[in-house]
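Here is a friendly note to read with the model open beside you. Please take the points one at a time and find each residue as you go.

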Amino acid sequence: LLSPAARDKLMREHEMKAKDDFQKKYQGATLKLPVVLHHRPVVRSFTRSFNTSMRNWYIATTVARSALGDGAIAAQIEQAMILKVRDTTTRIKTQSEQLIVLAKDADADPGLLAHGFEHKETVTVLGPVAMQLRELYLAADKYLDMVTLAYTYSLMSGDDAATAAFQVKRSLESVGTSIRNRRIDVLKQVNQAGKQRQGYKQTPQEAEPHLEP
């Protein structure tokens, strides 16, 4: 097992590789959208997995269409990824709205929230999965704002606030892992189909491959 520091280093290397692949290799239109985050669990997840997840979506759907020749599978994969992200976003937004109501009843003013740190960048966004991921990270950051407000006004305990931050961390990790596993499943199918062809070279499944499969 990798140590936390080694795992963090590896994930950041994969993230930079994924980012470079899209910026240098992808030929086509993309969107440039701002992202501003403040809370450590959200910032760490975003800076370690946003571009990696977008690349995993791209590889999974592109390989399904090109190598397997199956647009239906590609569409199913994409919808499954979107559903996972949306479900997580909806749950976090619901929790945030509950704290907003609680704060309003206690006259706790969200306008008093301030941030001593911010992670701000303009990100490349390609496809609906990346767009949904951006919304998820923004929603998670806003939720932790409300957790801070509720804790400071004694509307929730310190343990509950810490648990909320941990759950956000786990939820974001779960989304990235789910998207990654979809890519691995597609590459397994490609390798299985490739066994029928002479001289076929197996495609690595666990390693983070290049943008162009």
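**Notes on helix packing and aromatic rings**

1. Helices α1 and α2 cross in a left-handed way. (A crossing is left-handed if the near helix is turned anticlockwise from the far one by less than a right angle, and right-handed if clockwise; helices are DSSP runs of H or I with at least four residues, strands are runs of E with at least two, and both are numbered from the N terminus.) The angle between α1 and α2 is about 50 degrees, and their axes are 8 Å apart. (Axes are lines fitted to C-alpha atoms, for helices over the stretch in contact, and angles run from 0 to 180 degrees between N-to-C directions.) That makes α1 oblique to α2, a word for what is left once angles under 35 degrees are called roughly parallel, over 145 roughly antiparallel and 65 to 115 roughly perpendicular.

2. Before going on, please keep in mind that this is a predicted model, where local features need pLDDT of at least 70, side-chain atom pairs count only at pLDDT 80 or more, and totals for chains, interfaces and linings use all residues. Residues are numbered from 1 along each chain as its sequence is written, and side-chain values use heavy atoms, with hydrogens and water left out.

3. Now for the rings: how many aromatic pairs does a search of the whole structure find? The search finds 6. (Rings of Phe, Tyr and Trp, the last by its six-membered ring, pair if their centres lie within 6.5 Å; planes under 30 degrees apart are stacked, over 60 edge-to-face, and the rest tilted.) One of them joins F22 and Y26, with centres 6.1 Å apart and planes at 40 degrees, so this pair is tilted. Y26 also pairs edge-to-face with Y58, at 5.9 Å centre to centre and 90 degrees between the planes. This second pair links distant parts of the chain, as Y26 sits in the loop between α1 (4-25) and β1 (31-37) while Y58 belongs to helix α2 (residues 40-66), 32 residues apart. F22, Y26, W57 and Y58 form one aromatic cluster.

4. Is F22 buried or exposed? F22 is buried, at 4% relative accessibility, whereas Y26 is partly exposed at 22%. (Buried means under 20% relative accessible area, exposed over 50%, and partly exposed in between, with a 1.4 Å probe and protein chains only.)

5. Finally, look at A140 in helix α4 (residues 127-152). A140 is buried, with 0% relative accessibility. Leaving aside residues up to four places away in sequence, A140 touches V42, I92 and V168, where contact means heavy atoms within 4.5 Å.
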